[in-house]
Amino acid sequence: MQKQRISGKRLQQEIVGNYRKLRKRNRYLTLILVIIIVVSGFGLSTLFTNNEYGNKKEAYDQQLTNLKQERADILSGKKVADKQSFKTTLNNNLANLKEYPKQANRYQVAIDGTDGQLTINRNNIFVSDNANMLSQTTEQKIYQLNKQLAASTNGAQLEVITVPKLPRGEDIESYANTIFNQLGIGNKTENNGVLYLIALDEREFRLEVGYGLEGLLPDGKADDIINNDDVVEAFKDEAYDKGVNQVLDEVFAIMNTKTALVDSQIKQLESQRTQLISVHWMETVVLILLVLISLLLVINLLRASIFLKTTYKNYQATMSATTKDDELEQLSKQTELYNILLSGLLIGLSVGGINRAITQGKLLQNPYAKKQRFGRILIGDTLYAGNGDILTTAYLASNYNSRNWSNNDNGSGGGSSWGSFGGGSSGGGGASGGW
């Protein structure tokens, strides 16, 4: 389609106006980039002159040193966590925790926010076998394990609960978390409780871990314990006591070490220290990259501005050769500034980018030229790249033509489908599994 003709003087005004707008945009972008360089440089200076990071890191180092020394003292016997007798400790910590009770004293607890309820034995609060999956021997073992935890730890508790099925609208993770917090498993200050919840109908289980033990029993470790092949096979074979006992033995061994609390504190502090260092250096790298990239862009913009100015001077020299309207139009269309106007260039980021715009403008002077994606130009059946290179001389039959794309390949395989993504969820403080 032929382009509408305009007068030479009008065309000259458009070319010069476009040049001035382009220079103005370049100046604005250069100013923005200079501001980014200054702000990023100030941020870098602050990172390395401010003592906050160093003070925090030093505080973590000192705490870790103290805790590791405390751990070593406990293991060597220099520091004794509790000098009282086993019986005295039990009486002081859990006055009602006597020998395993032969009689049950059951009561019902409605679980907040759900239509579920649990039957709990006041004489053995540590196991609530609502699904009748466990033997009396296993229930007694759970009781004895908690007696040992009462003697050797600061209120750590290991709770086992089975339910016939999950309440309506609840999954195993959310229900375990609700039960854990409602019952208040473990010491309130130390948050050192563990809940092992088993849902029979759903064939799922969950190990919910209190905040105080997440350093010793992180999600990965909890997952390894409850989803162990032997544990899963035992549940499949309905040998529930066997599977539960294996989980109990591993969890109890972690909870009942002499240095359990100290070990957990050490792991949490090490994690916090690592996070502090990672964030500090990530901020440093990001700021350095901002400075370098912005500086490189500013240099390219300055070179581009000089190149544009030179191009404009050449344009003025060319146009000074005549004042006749027809000749002005003819001369204008032979200039690089006219080609830049045709290309639609918004910002001259670099000399190379401006040269590509000039090349595109020359191609677009062809009355049959059509703009394509990625700066390509189509003339007839020939497709040109943004830098003027010929991509194909048979565009209509080539893969550059989107009309030749297909979402299938007549059953031969993958076609052009890229598949689909799926969503997932995760939660802290434990692990879930099933059999």
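Q: Which residues form a nonpolar patch on the surface?
A: That patch is made of Val279, Met282, Val286 and Leu290, and together they have about 320 Å² of accessible area. Keep in mind that this is a predicted model.

Q: OK, and where is Val279 found?
A: Val279 is in helix H9.

Q: Is Val279 buried, partly exposed or exposed?
A: Val279 counts as partly exposed, since its relative accessibility is 34%.

Q: Let's switch to charges. How many salt bridges does the structure hold?
A: There are ten salt bridges in the structure. In general, side chains of opposite charge can pair when their charged atoms come close.

Q: Give me one. What does Arg273 form a salt bridge with?
A: Its partner is Asp61, and the closest N and O atoms are 2.5 Å apart.

Q: Which helices do Arg273 and Asp61 lie in?
A: Arg273 lies in helix H9 and Asp61 in helix H2, which covers residues 52-76.

Q: Which residues are linked with Asp61 and Arg273 in a network of salt bridges?
A: Lys57 joins them, giving a network of Lys57, Asp61 and Arg273.

Q: What about Lys141, which side chain does it meet in a salt bridge?
A: Lys141 meets Asp249, at 2.7 Å from N to O. This pair links distant parts of the chain: Lys141 sits in helix H4 (residues 136-152) and Asp249 in helix H8 (residues 240-255), 108 residues apart.

Q: How accessible are Lys141 and Asp249?
A: Lys141 is partly exposed, with a relative accessible area of 25%. Asp249 counts as partly exposed as well, at 41%.

Q: What does Glu233 form a salt bridge with?
A: Glu233 pairs with Lys236, and here the closest N and O atoms are 4.0 Å apart.

Q: How many residues apart are Glu233 and Lys236 in helix H7?
A: Three residues apart, so about one helical turn separates Glu233 from Lys236 in helix H7 (residues 229-236). Glu233 is partly exposed at 40% relative accessible area, and Lys236 counts as partly exposed at 44%.

Q: New topic: how many aromatic pairs are there?
A: The count comes to six aromatic pairs. One of them is Tyr19 with Tyr312, a stacked pair with 4.3 Å centre to centre and 5° between the planes.

Q: Where do Tyr19 and Tyr312 lie?
A: Tyr19 is in helix H1 (residues 8-49) and Tyr312 is in helix H9 (residues 260-319). They are 293 residues apart in sequence, so the pair ties those parts together.

Q: Are Tyr19 and Tyr312 buried or exposed?
A: Tyr19 is buried, with a relative accessible area of 8%, and Tyr312 is buried at 14%.

Q: Which residues form an aromatic cluster?
A: Tyr196, Phe205, Phe235 and Tyr240 form one cluster.

Q: How many bridges join S7 to strand S8?
A: Three bridges join S7 to S8 (residues 377-379), and the two run antiparallel.

Q: Which residue in S8 does Lys370 stand opposite?
A: Lys370 stands opposite Leu378 in S8.

Terms used: Residues numbered from 1 in each chain as written. Predicted model: local features only at pLDDT ≥ 70, side-chain atom pairs only at ≥ 80, totals over all residues. Heavy atoms only, no water. Phe/Tyr/Trp six-rings, centres within 6.5 Å; stacked < 30°, edge-to-face > 60°. Helix = DSSP H or I, 4+ residues; strand = E, 2+ residues; numbered from the N terminus. Buried < 20%, exposed > 50% of the residue type's maximum accessible area, 1.4 Å probe, protein only. Patch = residues over 30% accessible without salt bridge, like charges linked within 9 Å, V, L, I, M, F, W, Y side chains within 5 Å. Areas by Shrake-Rupley, 256 points an atom, 1.4 Å probe, with all protein chains shown as cover. Pairing = 2+ DSSP bridges.
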